[in-house]
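Biologist: Could we go through this one together before I set anything up? I'd like to ask questions as they come to me.
Modeller: Of course, here it is.

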Amino acid sequence: MKRGRLIVIGLVGLVLALGLSGCIITSASPDPKQIVEIRPGEKVIFKVEGPVNTPISRCVWTVETYLTAPEVVSIGKNEFELNFNADSWMSNKKNIVTCEYQTYVWDPIGVGNSTIYISFECFWITVNSISWEVSINPDSSTVMPGNYYIQNISDLQSLRGYTTVTGSLKIIPIDVNGDLTSLSGLENITSIGGSLIISHNDALTNLSGLQNLASVGGDLAIGGGRSGYNGNVALTELGMSGLQRVNGEFSISYNPLLCTSLAEELMNQVLAGEGIGGTIDISGNKACTMP
């Protein structure tokens, strides 16, 4: 009986060893050492070579953007086709495609005393992985595809000259005591396809630079409140004189030095123009009629 027990355990060990043997990615394309560039409308096929499509081995493909955790997009294939999606990618931050190479193992977790009895726990384990960094390149000198995140002056200056951001524009500094004291450089922006979010700015006193912005395709969120963002504690002026349309929620709230009357003024300006498509929140600002 003892001998039979040892034989079964030995077989399990052999299966486990076979499951782990040879589990390497032998080659990959494009070259993972190079940044992969993609433009709107393009697609890229990522491919790995090795035993990645068998009953006991697989490649789990994930896509990770600057603001999102890795998301599984494909399992069990040796290649993944990436199509550009402006709604989920950050134009000026790292986007990562990864093949996580996994193998299926069987682990004995118990042996009976009077009879041969083995219980198995079966699961996938990661053996190795390979990743590519993907950057998004504009297909014109004036249209910035995807979402864009302004965290510092460098991010701001890199957007200079563009007229359109097809995704969302988020102006949220890395450090609340950072170097964003002005939005100068955004004067050519006339439309944002997604949302405009301006929050966590401790040094920004006005929104000069956005005076030619005419339309926001998603939400306008300046400050906090129902949008879930912290206010801009130094903001005293808006100055978005060209804004005519907000398709989503209109929220200018919890900016402690900004007069509520200025938020009302901009709200009325948009309502008199092409309108507001969502709810309105201008609460939590300063109770005054002028800065």
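Biologist: In what sense do strand β3 and β7 pair, and over how many bridges?
Modeller: Strand β3 (residues 43-49) and β7 pair in the antiparallel sense over 5 bridges, where two strands pair if DSSP finds at least two bridges between them, and the strands (E, at least two residues) and helices (H or I, at least four) are DSSP runs numbered from the N terminus. Before we go on, please keep in mind that this is a predicted model, in which local features need pLDDT of at least 70 and side-chain atom pairs count only at pLDDT 80 or more, while totals for chains, interfaces and linings use all residues. Residues are numbered from 1 along each chain as its sequence is written, and side-chain values use heavy atoms, with hydrogens and water left out.

Biologist: Okay, and which residue is the bridge partner of K43 in β7?
Modeller: The bridge partner of K43 there is N83.

Biologist: Where does E42 lie, and what is it in contact with?
Modeller: E42 lies in the loop between β2 (36-38) and β3, and E42 is partly exposed because its relative accessible area is 34%. Leaving aside its neighbours within four places in sequence, E42 is in contact with E37, L82, N83 and F84, contact meaning heavy atoms within 4.5 Å. The C-alpha atoms of E42 and N83 are separated by 6.4 Å, although these residues are 41 apart along the chain.

Biologist: Switching to pockets, what volume does the largest one have, and which residues lie nearest its centre?
Modeller: Its volume is about 210 Å³, and of the 12 residues that line the largest pocket, V63, E71, V73, S88 and W89 lie nearest its centre. On a 1 Å grid over the protein atoms alone, a pocket is an open set of points where a 1.4 Å probe fits, with protein on both sides within 12 Å along at least five of seven lines, and lining residues have an atom within 4 Å of a point. Grid points are joined across faces, edges and corners, and the volume is the space filled by probe spheres set on the points.

Biologist: Which strand gives the most to that lining?
Modeller: That is β7, with 4 residues, and both β6 (71-75) and β7 (79-83) supply at least two residues each.

Biologist: And how do the lining residues divide by type?
Modeller: There are 5 nonpolar, 5 polar and 2 charged residues in the lining of the largest pocket, with Ala, Val, Leu, Ile, Met, Phe, Trp, Tyr, Cys and Pro counted as nonpolar, Asp, Glu, Lys and Arg as charged, and the others, Gly among them, as polar.

Biologist: What about T62, is it buried or exposed?
Modeller: T62, which is found in strand β5, is buried, with a relative accessible area of 11%. Not counting residues up to four places away in sequence, its contacts are P70, E71, V72, V73, I96, V97 and T98.

Biologist: How many disulfides does the structure hold?
Modeller: The structure holds 2 disulfides, a disulfide being a pair of cysteine sulfur atoms within 2.5 Å. One of them joins C59 to C99, with 2.0 Å from S to S. C59 lies in strand β5 (residues 57-64) and C99 in strand β8 (residues 95-111), so this pair ties together parts that are 40 residues apart in sequence.

Biologist: Which cysteines does the other one join?
Modeller: It joins C259 to C288, with 1.8 Å from S to S, and the link is left-handed, with -105° about the S-S bond. C259 lies in the loop between β19 (250-253) and α3 (260-272) and C288 in the segment after β21 (280-281), so the pair ties together parts that are 29 residues apart in sequence. Both C259 and C288 are buried.

Biologist: Last topic: in what order do the strands of the open sheet come?
Modeller: The 6 strands come in the order β10-β12-β14-β16-β18-β20, with parallel pairing. The edge strands, each pairing on one side only, are β10 (143-144) and β20 (275-276).

How values were computed:
Buried < 20%, exposed > 50% of the residue type's maximum accessible area, 1.4 Å probe, protein only.
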